[in-house]
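Subject: Structure for you to look at

Hello,

Here is the structure I said I would pass on. My notes on it follow below.

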Amino acid sequence: MSPTLNTIATAAGGILAGLAFAGALLWRQQQALQAARYQATHDEITDLPNRRLFLTRLRAALADRTPVGVVLLDLDRFKTVNDTLGHDAGNDLLERIARLLAGLPAPVQIAARLSGDEFALLVSGDRDDTAAAAYAAWQVIAAAPIRVVNGNLRMAASVGHTHSGNRHTSPRQLLAEADTAMYQAKRSGSGVCEHHPRTATPGRRSRDRHYR
């Protein structure tokens with residue numbers, strides 16, 4: 001091979017090697033970016049969407065004027081599980097509950113872990129669809145013992161739900177309404193309660209519909 005051809009071949013090899021290195025570096029950067037985005041929008045323990053992603057989806061639905069329901073639930077006596085069986089059992093329980101909620105069928109659009117033992121569902125459709133999803137979430141948790149690292153646990157949840165209806169509302173308001181209904185369910189032991197914004201009066205909690 002002539003010196004000129006040898007120089008060209010060497011240069012071409014260097015360029016190809018540089019392109020390969022740059023491509024690999026770009027791929028690693030893209031993977032790291034995707035991982036960072038995922039971690040920013042998903043819960044570390046349960047792998048469910050977190051509060052940020054839930055609110056993003058809820059805002060989008062409201063902006064599109066899509067009828068949407070919000071279901072909030074927390075686990076009864078979850079603190080007792082942590083105190084008596086340890087945090088590993090508590091985390092295992094949260095993960096199992098997350099799987100149950102993520103498996104709920106449409107019209108449930110997204111199941112999320114907001115914080116602690118509090119979960120949320122975003123439901124498309126009307127008030128009856130939201131009520132059915134809330135009851136399904138309550139029922140799937142209470143239906144059978146849940147296997148954790150220390151054995152089987154019988155769990156129950158307090159569930160509250162609300163619906164956007166035809167009114168102008170916000171994610172914050174819907175979450176507050178579902179939260180009010182959830183704590184009404186917890187106080188009354190009724191399992192599932194619905195918030196009725198049309199019958200609510202300022203400064204007072206709404207009347208709730210109970211399911212058992």
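Arg113 lies in strand E2 (residues 108–115); helices (H or I, at least four residues) and strands (E, at least two) are DSSP runs, numbered from the N terminus. This is a predicted model, in which local features need pLDDT of at least 70 and side-chain atom pairs count only at pLDDT 80 or more, while totals for chains, interfaces and linings use all residues. Residues are numbered from 1 along each chain as its sequence is written, and side-chain values use heavy atoms, with hydrogens and water left out.

With a relative accessible area of 11%, Arg113 is buried (under 20% relative accessible area, 1.4 Å probe, protein chains only). Its side chain has a polar contact of 3.0 Å with the side chain of Asp43 (a pair of N or O atoms within 3.5 Å, one able to donate a hydrogen and the other to accept it; residues adjacent in sequence count only if both atoms are side-chain atoms). The Arg113 side chain also reaches the backbone oxygen of Gly116 at 2.8 Å.

Next, the cores. The largest nonpolar core has 29 residues, and Leu73, Leu75, Leu93, Leu101 and Leu121 touch the most other members. Such a core is a set of buried Ala, Val, Leu, Ile, Met, Phe, Trp, Tyr and Cys residues joined through side-chain atoms within 4.5 Å. Among the elements that each supply at least two residues are strand E1 (68–75), helix H4 (87–102) and E2. A second, separate core of 18 residues includes Leu58, Val70, Leu72 and Leu114.

Leu101 touches Leu73, Ala111, Phe119, Leu121, Ala137 and Ile141, leaving out residues up to four places away in sequence (contact means heavy atoms within 4.5 Å).

Regards

Terms used
Buried means under 20% relative accessible area, exposed over 50%, partly exposed in between (1.4 Å probe, protein chains only).
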